[in-house]
Amino acid sequence: MNSYALKDASAKLMNRAHRLILTVSGNRLLAKPFGMPVVELHTTGRKSGLPRTCYLTTPVRDSDRVVLVASKGGDDRNPDWYRNLQAHPDAELVVDGTRRKVHARTANAQERAELWPKIVAAYKGYADYQTRTTREIPVVICELRS
């Protein structure tokens, strides 16, 4: 197994374990890793067209938007969920137990410059992830729909 396949398999296993712990604990355990709320992202697979789900943390959110960081732990590749959102930006997020429709877009340079210090303030690990890769880690703004 090459290193990318091993990293990807590990990430999928961690996501499944996180889902199991959240479910078994009634969303009490691991609901705020590193102090950030967990959201459940529902996307459409860019290649398969099938529903895809993953758990992510949100370092910044307000009544109109949820911000996600496509860090993939500082990997040189963008995460699959981000690539799915690029292909199909209309998705759904479960936030605080409520499923909401969102339209996702990558923050422009000005928005990213404004959000990045807030993101790093919420979790310093994101700054470390950025040093591990030559790609600029995308910041995703999920605009909540009614």
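Q: Which side chain does T43 join in a polar contact of 3.5 Å?
A: A polar contact is a pair of N or O atoms within 3.5 Å; within protein, one must be able to donate a hydrogen and the other to accept it, and residues adjacent in sequence count only if both atoms are side-chain atoms. Here, the side chain of T43 is joined to that of N84. Bear in mind that this is a predicted model, where local features need pLDDT of at least 70 and side-chain atom pairs count only at pLDDT 80 or more, while totals for chains, interfaces and linings use all residues. Residues are numbered from 1 along each chain as its sequence is written, and side-chain values use heavy atoms, with hydrogens and water left out.

Q: Is T43 buried or exposed?
A: Buried means under 20% relative accessible area, exposed over 50%, and partly exposed in between (1.4 Å probe, protein chains only). T43 has a relative accessible area of 6%, so T43 is buried.

Q: Where is T43 found?
A: Helices (H or I, at least four residues) and strands (E, at least two) are DSSP runs, numbered from the N terminus. T43 belongs to strand β1, residues 38-44.

Q: How many residues does the largest nonpolar core have?
A: A nonpolar core is a set of buried Ala, Val, Leu, Ile, Met, Phe, Trp, Tyr and Cys residues joined through side-chain atoms within 4.5 Å. The largest one here has 18 residues, and L41, W81 and C142 are among those with the most contacts inside it. Elements that each supply at least two residues of this core include β1, α2 (80-87) and β7 (139-144). Another core, of 15 residues, lies apart from it, with I119 and Y129 among its members.

Q: How many salt bridges does the structure hold?
A: Side chains of opposite charge can pair when their charged atoms come close. A salt bridge is a side-chain nitrogen of Lys or Arg within 4 Å of a carboxyl oxygen of Asp or Glu. The structure holds 12 of them. One joins R61 and D96 at 2.9 Å, N to O. This pair links distant parts of the chain, with R61 in strand β3 (residues 60-61) and D96 in the loop between β5 and β6, 35 residues apart.

Q: Why does the pair of E143 and R105 tie together parts that are 38 residues apart in sequence?
A: Their closest N and O atoms are 2.9 Å apart, forming a salt bridge. The pair ties those parts together because E143 lies in strand β7 and R105 in strand β6.
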